[in-house]
Protein chains: 2
Amino acid sequence: MATIDFFGASAGPWWVCDMRGICGEPLAEVDAIDIRSADDVPPAMAAWCLRGVVSNLRYAERNELQRLQAVQPALQRPEARCAVLIPIRKSAAWWALAQDERRAIFERDSHHTQIGLDYLPAIARKLHHSRDLGEPFDFLTWFEFAPEHAPDFDALLARLRATREWSYVEREVEIRLRRAG
Amino acid sequence: MATIDFFGASAGPWWVCDMRGICGEPLAEVDAIDIRSADDVPPAMAAWCLRGVVSNLRYAERNELQRLQAVQPALQRPEARCAVLIPIRKSAAWWALAQDERRAIFERDSHHTQIGLDYLPAIARKLHHSRDLGEPFDFLTWFEFAPEHAPDFDALLARLRATREWSYVEREVEIRLRRAG
């Protein structure tokens with residue numbers, strides 16, 4: 001399982017439109033994001049690199065997984081010219097919770113999966129796990145959508161950030177991107 | 001979160017008494033295990049290195065966590081001169097299951113936590129997660145106990161291997177150790 005490496009660089013296939021620290025320490029501003037596999041040659045002159053892996057599901061139950069699989073699109077649809085990379089880190093208090101406590105906050109209280117489903121298939125989403133890699137963030141979430149769905153993405157993000165789950169987020173950066181060319 | 005690195009070497013603080021492949025590809029035979037943090041200098045002449053991290057719980061619920069915390073001892077008790085390192089890898093079929101399905105097999109069907117509790121505080125246990133690191137094994141479990149509890153450890157192991165959960169184990173190696181000196 002090779003890592004997926006997100007390089008903050010001066011050039012790359014995804015141009016940065018807007019980049020902001022939401023909470024905690026921000027990341028150095030960059031002009032572009034270049035995504036490589038750990039097996040690839042890294043780009044020259046990257047300001048930073050965030051690594052993650054596509055891993056097993058941690059909370060989704062079978063019925064939720066089936067609903068997700070029925071509607072979630074592939075990445076790299078031609079019309080999906082917008083992307084957003086959101087690295088987050090959760091607090092030590094979150095990670096000290098037992099599995100049933102985290103699940104209850106994640107879905108029963110915060111409706112995390114249900115909120116994502118409400119915006120599928122328009123807003124494609126891919127989660128990368130970073131915590132076990134000793135990275136500065138726990139998760140790197142990548143969203144892709146067509147420009148006309150940008151308001152839907154804004155609504156999704158506002159709903160997630162208003163949840164009880166988000167009270168455990170102690171570092172978050174939002175990087176809005178456009179496909180180059 | 002630095003990795004914990006288990007080196008199979010020709011010398012080290014834990015001497016290998018017995019080493020056997022239980023299923024799947026075995027590991028090269030070594031004379032000793034040397035455990036280092038990723039921040040330490042690695043031993044010279046290691047035959048192999050298995051890396052893991054102490055991560056958050058994936059299945060234990062609050063009531064189980066409280067029962068575990070009430071009885072689990074620290075590692076490195078002076079009387080705990082026996083240790084066993086058991087690296088395992090589970091199948092793709094396991095990892096494709098949803099969280100509720102894995103939990104049901106893990107505890108409702110297999111009583112994984114309950115079996116461990118039955119041998120506490122005699123058999124101390126520490127779980128290291130390796131899967132997200134791209135390692136050859138998913139988990140490295142380290143057990144420590146006094147020589148007189150070796151039969152209890154054998155019983156624990158036999159009970160775990162007879163569970164439904166273990167039908168998903170596709171690679172397993174058992175390394176029995178004695179503290180050097």
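**Close-up views of a predicted model**

**View 1. A:Asp109 and A:Arg164 form a salt bridge, with their closest N and O atoms 2.4 Å apart.** Welcome to this predicted model! A:Asp109 sits in helix H3 (residues 99-109) of chain A, while A:Arg164 belongs to the loop between helix H5 (150-161) and strand S8 (169-179) of chain A, so the pair ties together parts that are 55 residues apart in sequence. A:Asp109 is partly exposed, at 28% relative accessible area, and A:Arg164 is partly exposed too, at 44%.

**View 2. A:Arg159 meets A:Asp118 in a salt bridge, the closest N and O atoms lying 3.1 Å apart.** Here helix H5 of chain A supplies A:Arg159 and helix H4 (residues 112-118) of chain A supplies A:Asp118, so parts 41 residues apart in sequence are tied together. The relative accessible area of A:Arg159 is 35%, and A:Asp118 counts as partly exposed at 41%.

**View 3. A salt bridge between the side chains of A:Arg62 and B:Glu101 spans 2.8 Å, N to O.** This pair crosses between chains, from helix H1 (residues 62-71) of chain A to helix H3 (residues 99-109) of chain B. Both partners are partly exposed: A:Arg62 has a relative accessible area of 25% and B:Glu101 one of 22%.

**View 4. Eight strands of chain B make an open sheet with antiparallel pairing, in the order S4-S1-S3-S2-S8-S5-S7-S6.** Look for the edge strands, S4 (48-52) and S6 (124-129) of chain B, each of which pairs on one side only. Neighbouring strands are turned by 30° against each other on average, direction ignored. Helix H5 (residues 150-161) of chain B packs on this sheet, and its direction makes about 175° with that of S8(B).

Key:
Residues numbered from 1 in each chain as written. Chains lettered and ligands numbered in written order. Predicted model: local features only at pLDDT ≥ 70, side-chain atom pairs only at ≥ 80, totals over all residues. Heavy atoms only, no water. Pairing = 2+ DSSP bridges. Helix = DSSP H or I, 4+ residues; strand = E, 2+ residues; numbered from the N terminus. Axes fitted to C-alpha atoms, helices over the stretch in contact; angles between N-to-C directions. Contact = heavy atoms within 4.5 Å. Salt bridge = Lys/Arg side-chain N within 4 Å of Asp/Glu carboxyl O. Buried < 20%, exposed > 50% of the residue type's maximum accessible area, 1.4 Å probe, protein only.
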